[in-house]
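Dear colleague,

Please find below the structure for your review.

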Amino acid sequence: MKHYKNLISALDAAISKCMTWKLAGSENEFMNARDVFALALSENGENEHLGEGQFYLVSKEGAIGLAVGYEHLTRWFLIPLTGEQRESELQRLFRELQIDAGAIPEAEPEDVQAPYIAPETQTVPQMNQGMPQQGQGRPQMNQGMPQQGQGRPQMNQGMPQQGQGRPQMNQGMPQQGQGRPQINQGMSQPNQTTVRKRICRKCGAEIAANSKFCRNCGTPA
């Protein structure tokens, strides 16, 4: 038989006869050609250095052994598989080669479930929220009354808040200190007349509250 100085060379000769083996002395430690190649690389591959008088041998069935001095002192450590064990290892070998070539995925997906989100970690609700939650910003829609610290109400506000500017629209009652009401002024404040008189700054004549100029001298009100 031919002698081989490293395991890779012995494997190259053995795979033409066998591609699956059992580790000698074990009942269920099986190896295929891919596994033996990885083992050969761990032994430093083609640069593997054997002791004096040592060499690998390959039998006619494909077994691989290590001899010391003479062929009859060979210890066969990889024994060829047969039967169902051989078929099972061949299927595993072909699948691993397909994975290496990228032909099939490495692992099949199994029962992938959507991640669970605890209620306290959910984001701010986006719609149909009657009241804003603590820590949220300004409510965006369907808010009946402005919250403390917000700016001027934009629309559908029944009463202006203290510190706000001139009401824009639909204001039923003007507040003290505000200017001339613009539209929809339905009622005046108690102790006020329906038409409040003003004094012309030029001639001193009284000017009606809704007049834009003095009817006495023509000065703009």
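In these notes, contact means heavy atoms within 4.5 Å. The model is predicted, so local features need pLDDT of at least 70 and side-chain atom pairs count only at pLDDT 80 or more, whereas totals for chains, interfaces and linings use all residues. Residues are numbered from 1 along each chain as its sequence is written, and side-chain values use heavy atoms, with hydrogens and water left out.

Helices (H or I, at least four residues) and strands (E, at least two) are DSSP runs, numbered from the N terminus. Buried means under 20% relative accessible area, exposed over 50%, and partly exposed in between (1.4 Å probe, protein chains only).

Six of the eight residues of H1 are buried, namely Leu7, Ile8, Ala10, Leu11, Ala13 and Ala14. They pack against strand E1 (20–23), H2, E3, E4 and E5.

A nonpolar core is a set of buried Ala, Val, Leu, Ile, Met, Phe, Trp, Tyr and Cys residues joined through side-chain atoms within 4.5 Å. The largest one has 21 residues, and Trp21, Tyr56, Val58, Ile64, Phe77 and Leu78 have the most contacts inside it. Helix H1 (7–14), helix H2 (33–42), E3, strand E4 (64–68) and E5 each give two or more residues to this core; H1 gives the most, with six.

The whole structure holds one aromatic pair (rings of Phe, Tyr and Trp, the last by its six-membered ring, with centres within 6.5 Å; planes under 30 degrees apart are stacked, over 60 edge-to-face, the rest tilted). Tyr56 and Phe77 form this edge-to-face pair, at 6.3 Å centre to centre and 65° between the planes. Tyr56 lies in strand E3 (residues 54–58) and Phe77 in strand E5 (residues 70–80), 21 residues apart. Both are buried.

Yours sincerely
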